[in-house]
Amino acid sequence: MKSLQERVLHQAEELSAWNSRLEERVREQVAQIERLSRLKRFVSPKIGELILAGDVEDPLQTHRREITVVFTDLRGFTAFSDSAEPEEVMSVLRDYHGTLGRAVVAHAGTIEHFAGDGVMILFNDPLAVAEHEFAAIRMAVDMRTEVTKLAADWSRRGHDLAFGVGVANGFATLGTIGFEGRRDYGAIGPVCNLAARLCSEAKAGQILVSKRMHGRIEQHVVAEPLGELALKGFHRNVQAFNVTGLKPA
Amino acid sequence: MGRREYTPGVVRSSARILVVDDTPANVRMLETLLRRDGYEVVVARDGEEALSAARETQPDLILLDIMMPKIDGIEVCRRLKADPALGFTPIIMVTAMADAKDLVAGFEAGGDDYLTKPVDRQALATRVKSMLRIKALHDTVQQQAERLEAQSAELARWNVSLEERVAQQLAELEKVGRLKRFFSPQLAELIVNGGADDPLKSHRREVTVVFLDLRGFTAFAEVAEPEEVMAVLHEYHARMGELILAHQGTLERFTGDGMMIFFNDPVPVPNPGERALRMTVAMRDRAEELAARWRKLGYELRAGIGVAQGFATIGAIGFEGRLDYGAIGTVTNLAARLCGEAQGGQILISQRVHTAVAELVDAEPIGELNLSGFHRTVTAFNVRGLKG
């Protein structure tokens, strides 16, 4: 009788100890997952998905795809950030990024990175988008409308800031770049530099697009040719167009 | 007839007793005495009947006559004790006389106690009570063990589901952990293990910023095969990456061939200017080695580097859904512009960086530069190398 009792008691104690350890472990892991998941907010949703799925692990496993690249920034931002109070600068940036973010999400773009007031947005990778050139230009036009409203408000507060956009399309190599210890998802190809250079050429409120880009969207947009531009880093001069608006559908 | 409930440790007057005897007079006498004491009595008139009645009624105690035709009491006792369901049911052997041989055989067969005929009323009451107390105690232990076993089984099932959960979580952790590789280690650490106070809340700090890119990369990427471009980039990132980690810089972002590296944020380091300079000089040396190799392959690619130091507002920028760690201030633009001005193999540093590391570097002033985005001209120095 006694040994039966002891055996059962012993077994129950062991199970209960193991149970406590397991429950402790589950709790710890829940907290760990929660903490690691904070990183997700720092990557674009689709890129986060690919990373979690293990689809973009290998830096050499890149792919080629035709993409549209949009670069935006604020004319006058460097001077503004030089002279304004940091809180004021961050407040302007918050409004600006928030406004751009909504447009990016609405048009299915993917933010590649923020660089202060500069933002680089990809279309058609990693998220496939039908008519990505048109989606990108509609987003750019929406952004200009919204940022112009913001700029009017900034101007009342004494800040002279204006929006400029560069858009180019073409093939790029996409995937993980970087090194052991610091990886990034990126697009490599002249198309990225071209969009960036067009953005720096853009005057206040202008959306500059490459010739190839213009060819893809001309039935949808009203645009004026700007002639040939000599852009840093490019061998040949580049033809550019300024998109003033969308044609009525 | 099902099993009855027992109150642990208490001898209840309703205990059930099986009386086995082939003599009707004996049976009547025992039955009468026991019933008078309040016990429930079941009767069996031979060995066969005793075995089936015991199995059927699960008595608390058995009074067993030894001398019976067919199966005698000894054999019945042996069989009852061998039955797992009845092995603990106490058996009092009832014998015509205290025959020592019979008793020894009875005890060997598993009998627990004995009474001699004619049965004394007082002896019967005492023995029965004593045996029932033992039975009740056994039942209590048995019940406790059963309850514990049931609880254990429940716990075991719960443990299995917990183990499954732990395994699922481990897989999830492994997945989410992959994100870490997409952040500079110090930054990932802060985001993941930062306390309640948001580590990426914007703050002002003096930082040293290094910009580095490859002269000729855009033109190269225009004409070279994509595989070649990626191979060059991979090698360049790998070589530069080792130096960034070794000097505790934080790679803020890649922009194609460009890299922006911070010192003194997100984690403060002593002598950020010195670290930055030592890193850039090592980077240039390595990039020149790479450039010599690339030149043999027909690519003209050389690193240009710009370094600036100053206060910046640093923290998370972006919007809910997509944040980025970034620094806002002229210091980042200045580093980028100096990098843009640098020739292949040059390291251009701002006046402020030069002041911070003057003891350390061999540098020449290159005069005033007119940089896009800057109101005034900027004094810059070209770093030839480290002193000594």
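A residue counts as buried if 20 or more other C-beta atoms lie within 10 Å of its own, as exposed if 12 or fewer do, and as partly exposed in between. The views below show a predicted model.

Figure 1. When neighbours within four places in sequence are left aside, the contacts of Phe80(A) are Val89(A), His159(A) and Leu161(A).

**Figure 2. The hairpin formed by strands E2 and E3 of chain A.** Strand E2(A) comprises residues 110–115 and is mostly covered, with six of its six residues buried. Strand E3(A), residues 118–123, pairs with E2(A) in the antiparallel sense over five bridges. Within this pairing, Phe114(A) has Val119(A) of E3(A) as its bridge partner. Two residues lie between the strands of the hairpin, and Gly116(A) in the turn has a positive phi of about 65 degrees.

**Figure 3. The side of chain B that touches chain A.** In this view, 69 residues of chain B are in contact with 72 residues of chain A. On the chain B side, at least two residues each are supplied by helices H5 (121–177), H6 (185–193), H7 (217–223), H8 (226–246) and H10 (330–341), and by strands E7 (250–255), E9 (302–319) and E10 (322–328). Helix H5(B) provides the largest share of this side, 22 residues. Sorted by class, the side of chain B that touches chain A holds 31 nonpolar, 25 polar and 13 charged residues.

**Figure 4. Domains of chain A and chain B.** Chain A is divided into domain 1, residues 2–41, and domain 2, residues 59–246. Taken over C-alpha atoms, the centres of these two domains of chain A are separated by 51 Å. For chain B, the domain assignment gives domain 1 as residues 16–146 and domain 2 as residues 195–386. The centres of domain 1 and domain 2 of chain B, also taken over C-alpha atoms, are separated by 98 Å.

Technical notes: Residues numbered from 1 in each chain as written. Chains lettered and ligands numbered in written order. Predicted model: local features only at pLDDT ≥ 70, side-chain atom pairs only at ≥ 80, totals over all residues. Domains from an automatic or database assignment. Contact = placed C-beta atoms within 7 Å. Helix = DSSP H or I, 4+ residues; strand = E, 2+ residues; numbered from the N terminus. Nonpolar A, V, L, I, M, F, W, Y, C, P; charged D, E, K, R; others polar. Pairing = 2+ DSSP bridges.
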